[in-house]
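Please work through the exercises below with the sequence and the structure open beside you, and try each task before reading its solution.

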Amino acid sequence: MAQPDTSTEPILRLRQVDKTFAGNIVALRGMSMEVRQGDFISLLGPSGCGKSTALRLIAGLMRATHGRLDWPGGGEGDLGVVFQEPTLMPWATVERNVWLPFRLRRQSLAASRQTIHEALALVGLEGFEKKYPRELSGGMKMRVSIARALVTNPRLILMDEPFAALDEITRQRLNDDLLSLKAKTGATVIFVTHSVFESVFLSNRILVMAPRPGRVIEEIDVPEPYPRGDGWRNSHAYVEMAARTSNALQRALHPESEGV
Amino acid sequence: MALADDPRTGMNPAQPPAMDPSLIDPEEERIARAKRIEGTAKWLLPLVVMALAVWLWDRVVAWNEIPHYVLPGPGLVVETLWEDRALLLGSLWITLKITFMALAVAVIGGVGLAVLFAQSRFAEMSFSPFAVILQVTPIVSIAPLIFIYIENRLVGLLLCAWIVAFFPVLANTTLGLKSADHNLRDLMTIYRATRWQRLIHLQLPSALPYFLGGLKIAGGLALIGAVVAEYVAGTGGIGSGLAFRILEAGYRLNIPRMFAALILIAITGVLIYGATSLIAHLALRRWHESALKRE
């Protein structure tokens, strides 16, 4: 299923979530959102807008100061995560890195192998099972990281600026591949990014966030259905959405000029 | 990934191009030559200098007609090493036994304590001062007390060598256990890894390079600890390690034997260092920066 499913309950609901750090630093204020099966939601904003804080809250790495996080269908913690760095274990081969989530569930490598190979095939890394991370390029390491996030077929995948450290060409290719991956697996993703183009290209909904205090200032729907064809990046609709999103981001950066 | 042929020349970049003299970069050639020379010099130079030093030692003894009970020549030392081989190798065996037992206990104790420290900050705060005090107090000043309180001489020697050797293992392993990648730690939390799984799958592998660095230092220190402890224990016991042989030979003015025993200790130290370095290399060569060759 490639389209977000709006008919049923959301898999995750945030209601008026606040997070205040020690010293009264308000990282996030009044964040609400609903994530439905098949959604690809981008959290877009400048540094300090609370987008990574939101992701850490959802990942269960910290707790909200106020507000609620609900998982209406259960399955809390059934997650895959991709960080800004590939975050692989350098002492383990590609295959054993992808095995990690299964291994922690005490599932043997032999029993997991088939699934691991399928995940590696999805990210275009067949035949790299026995390589060590150091033998791979930055983009390939990121693919391994994505395979690890996918391999358990989790209800929700969290991505925290996964391609920010890569060069432009690798980044575009990974965006293309992520989009086709999304179409193939129907994965539900929350994607944190700095990039207007990335967010429009990938997601069906963009939450534009502003800093001090971190909050959502605008929600933009990208109506283009999945799977998005090759022409999407050059289409008129894409350019228009990018311009609109860019304007929203401008308001996040310079609230005074808009008289907010 | 396959590289496309260079469209300008149609040449496969993997094949060396035909030698065009104008393409030779004298600067790069010079650097390459310097590297080759350095590669040979790395093992040749120490050998030559070592041989030269031994030769000079021999000459100084011969030219000045230094009596052998003051400074024996290298020939006499080697001769003594051979003649007393049964006695010296027996002593070497005892010293080695204490060294390796102490090293083994240092590894078990150091890693065990480090794991405990990594599990509990409070344990670390409470006990690490003791470890530091043990480390900074010279072993020669603790050893006499140890031999007063501990009847069994072997246990006393072992304890001394252990005190000297265990700290680098403890300090390095503790640091290593804490230096696991913070994103991987978050990932463990997200996947709900147990404490034990976190230790086995993340912390211990992360600590391995640090531990092996500590082991390299501890190997040498265990030998030093074993020898120093035997000096302090003196000749009063049943001991007959290499340090005992040196003391005994000193009393008898058997200077060549002192030199022979000394050389055995030095060789042992070098071999221990070589062995621990080899272990570290073999364990890390597949993945760790320190063991990788730069291209």
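The exercises that follow treat sheets, helices and cores in turn.

This is a predicted model, in which local features need pLDDT of at least 70 and side-chain atom pairs count only at pLDDT 80 or more, while totals for chains, interfaces and linings use all residues. Residues are numbered from 1 along each chain as its sequence is written, chains are lettered from A and ligands numbered from 1 in the order in which they are written, and side-chain values use heavy atoms, with hydrogens and water left out.

**Exercise 1.** Find the order of the strands in the open sheet of six strands in chain A, and name its edge strands.

Helices and strands are taken as DSSP runs, numbered from the N terminus, with at least four residues of H or I for a helix and at least two of E for a strand. Two strands count as paired if DSSP finds at least two bridges between them. With these rules, the order across the sheet is β5-β6-β7-β3-β8-β9 (chain A), and the pairing is mixed. The edge strands, each of which pairs on one side only, are β5 (79-82) and β9 (215-221) of chain A.

**Exercise 2.** Describe the open sheet of three strands in chain A.

The strands of this sheet follow the order β2-β1-β4 (chain A), with antiparallel pairing. Its edges are β2 (25-35) and β4 (66-70) of chain A. Between β1 (residues 12-21) of chain A and β2(A) there are seven bridges, and the bridge partner of Arg13(A) in β2(A) is Glu34(A).

**Exercise 3.** Work out how α2 (residues 94-104) and α4 (residues 138-150) of chain A meet.

Two packed helices are described by the angle between their axes and the distance between the axes. Here the axes come within 8 Å and cross at roughly 30°, where axes are lines fitted to C-alpha atoms, for helices over the stretch in contact, and angles run from 0 to 180 degrees between N-to-C directions. The residues in contact (heavy atoms within 4.5 Å) are Val94(A), Asn97(A), Val98(A) and Pro101(A) of α2(A), and Val144(A), Ala147(A) and Arg148(A) of α4(A).

**Exercise 4.** Which residues of helix α5 (residues 139-149) of chain B are buried, and what covers them?

The buried residues are Ile139(B), Ile142(B), Ala143(B), Ile146(B) and Phe147(B). They cover an arc of only 135° around the axis, which puts them on the same side of α5(B); the arc is that of the directions from the helix axis to the C-beta atoms. Turned away from that side is the face that carries the exposed residues Ile148(B) and Tyr149(B). The cover over the buried residues includes α4 (121-136), α6 (153-178) and α8 of chain B.

**Exercise 5.** Locate the largest nonpolar core and the residues with the most contacts inside it.

A nonpolar core is a set of buried Ala, Val, Leu, Ile, Met, Phe, Trp, Tyr and Cys residues joined through side-chain atoms within 4.5 Å. The largest one has 65 residues, and those with the most contacts inside it are Leu12(A), Met31(A), Leu43(A), Ile58(A), Leu156(A) and Ile190(A). Helix α8 (residues 195-233) of chain B gives the most to this core, with eight residues. A second, separate core has 51 residues, including Val94(A), Val151(A), Val189(A) and Met241(A). Finally, leaving out residues up to four places away in sequence, Leu156(A) touches several residues, among them Leu12(A), Val35(A), Ile58(A), Trp71(A) and Ile190(A).

Definitions and conventions: Buried < 20%, exposed > 50% of the residue type's maximum accessible area, 1.4 Å probe, protein only.
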